[in-house]
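The entries below follow the order in which I went through them.

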Amino acid sequence: MSQQPIHPFTIDQLPGRTIRHGDQDYLFFSGTAYLGMPQHPGFQQLLTSAIGRYGTAFGSSRNGNLQLGIYDEAEARLASWSGAEAALTVSSGMMAGQVVVQYLRAQQASFLYGPQAHPALWHDPAVALPGLPFSDWVAQLPDQVRALPPGPVAILLNALDAAHSGYYPFDWVDALPTDRAITLVVDDSHGIGILNDLPRADGLLGPGWGIWPQIPRLDSVRLLVTASLAKAMGVPGGVVLGDADVLAELRKTAFFGACSPMPPAYMDVLTRADALYAEQRAILRENITLAEALLDRTGLFQHARGLPVFFTEQNELYPFLLERGMFIYSFAYPTPADHPNTRVIISAFHTFDDIQALARAVYDFTLGSGIE
């Protein structure tokens with residue numbers, strides 16, 4: 001359904017439960033800070049302490065002759081959380097994808113993309129993504145691989161459909177040809193930190209393994225998972241997860257060696273925020289459960305159970321909620337020429353009252369729109 005052009009809000013404070021625009025406050029149901037870490041006072045205190053030790057940035061190459069041990073320590077923690085053998089951090093999720101893609105380009109790999117694959121995984125400024133439904137795409141994928149010329153193959157896709165709140169299965173990996181050298185690259189930016197709960201001895205939920213344990217492992221398929229850490233994890237940077245020997249090769253590339261690293265203070269926070277991640281993960285789970293109980297029955301949303309994203313094709317929901325003091329995600333994505341994407345985002349910083357107020361407003365919209 002069409003929508004009038006969106007005029008973006010410009011504000012001068014970090015979004016949290018609310019934002020202030022002009023002289024009005026709005027409940028904020030947008031963004032990707034699923035665990036609410038950037039807004040968390042305890043998380044901010046950890047960062048303040050870390051900045052006192054490491055400053056605001058490390059102006060050097062990770063491959064230089066002076067290195068900080070906190071990078072190895074934090075990367076070992078990320079690998080342990082995910083279940084991968086090793087982790088390598090870079091300055092952003094976009095850079096995580098590109099350091100892998102440039103490495104595969106140097107190997108002259110043939111690139112195959114999944115539907116809606118994130119631009120971080122593109123090997124050219126513009127690529128033709130398949131318009132097939134995901135199930136149809138994976139059904140034809142083995143034949144598509146076999147039809148490629150000899151040489152390495154790269155299959156690149158998202159871990160889940162965050163734009164429309166959907167999970168992707170990965171059982172199709174077992175059907176891939178075993179006589180080809182295949183690298184499977186999965187962007188888990190919206191799953192790391194919230195997918196696949198990691199139980200702790202104290203009964204809380206850990207930071208979430210992400211997609212890694214869900215993907216079948218074949219000897220003929222090399223798996224690399226990339227992700228932004230600026231969403232659920234709340235720190236500016238990106239990570240590549242994979243086997244240690246592959247990440248060692250990535251570290252030797254000019255694309256990695258010439259890049260500035262993540263600020264070391266944020267690496268330090270990653271090593272000390274286990275309890276906060278666990279607490280926020282438990283709060284997010286409770287908030288999602290309430291939102292599912294109240295919103296799913298309206299029939300307005302496409303929603304994968306357990307995800308904090310509620311997608312709707314009713315783009316008019318955005319101005320309707322805006323008039324009622326609620327700001328949701330709604331703009332053309334990933335480029336201004338694309339269709340609008342309208343979704344409600346639930347975060348750990350929301351209260352039950354916030355979610356109940358949202359649900360009442362959504363009910364009013366469905367009644368006024370004649371949606372049953």
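**Entry 1: a buried arginine**

I looked up Arg62 and found that this residue is buried, at 4% relative accessibility, where buried stands for under 20% relative accessible area, exposed for over 50% and partly exposed for anything in between, with a 1.4 Å probe and protein chains only. Arg62 sits in the loop between H1 and helix H2 (69-82); helices (H or I, at least four residues) and strands (E, at least two) are DSSP runs numbered from the N terminus. The side chains of Arg62 and Glu75 are joined by a polar contact of 2.9 Å, a term I use for a pair of N or O atoms within 3.5 Å, where within protein one must be able to donate a hydrogen and the other to accept it, and residues adjacent in sequence count only if both atoms are side-chain atoms. Setting aside neighbours within four places in sequence, I listed the contacts of Arg62 (heavy atoms within 4.5 Å), and they include Tyr71, Asp72, Thr89, Arg251 and Phe256.

**Entry 2: what kind of model this is**

I noted that this is a predicted model, in which local features need pLDDT of at least 70 and side-chain atom pairs count only at pLDDT 80 or more, while totals for chains, interfaces and linings use all residues. Residues are numbered from 1 along each chain as its sequence is written, and side-chain values use heavy atoms, with hydrogens and water left out. The average pLDDT of the protein (the predictor's confidence in each residue, from 0 to 100) is 93, and 94% of the residues score at least 70. Over residues 1-5 the pLDDT is below 50, and this stretch has 12 contacts in the model beyond near neighbours in sequence.

**Entry 3: the six-stranded sheet**

I traced an open sheet of six strands in the order E3-E10-E9-E8-E5-E4, with mixed pairing; two strands pair if DSSP finds at least two bridges between them. E3 and strand E4 (110-113) are at the edges with a single partner strand each, so one side of each has no neighbour in the sheet. Neighbouring strands here are turned by 20° against each other on average, direction ignored, with axes taken as lines fitted to C-alpha atoms, for helices over the stretch in contact, and angles running from 0 to 180 degrees between N-to-C directions. H3 packs on this sheet, touching E3, E4, E5, strand E8 (182-187), E9 and E10, and its direction makes about 150° with that of E9.

**Entry 4: helix H5**

Which residues of helix H5 (residues 244-251) are buried? I found Val246, Leu247 and Leu250. Seen down the axis of H5, they fall within an arc of 95°, so they line one face of the helix; the arc is that of the directions from the helix axis to the C-beta atoms. These buried residues pack against strand E3 (86-90), helix H3 (93-106), strand E9 (221-228), strand E10 (238-242) and helix H6 (254-257). H5 lies across E3, E9 and E10, running at about 25° to E3.

**Entry 5: the five-stranded sheet**

I then followed an open sheet of five strands, ordered E1-E2-E12-E13-E11 with mixed pairing. Its edge strands are strand E1 (18-21) and strand E11 (309-312), each pairing on one side only. Neighbouring strands are turned by 40° against each other on average, direction ignored. E2 and strand E12 (residues 326-332) run parallel and are joined by three bridges, with Phe327 in E12 as the bridge partner of Phe28. E11 pairs with strand E13 (residues 340-345) in the antiparallel sense over four bridges, and Phe311 stands opposite Arg343 in E13.

**Entry 6: a buried tyrosine**

Tyr34 lies in the loop between strand E2 (24-29) and helix H1 (41-54), and is buried with a relative accessible area of 1%. I checked Ala232, which is 198 residues away along the chain, and its C-alpha atom is separated from that of Tyr34 by 4.9 Å.
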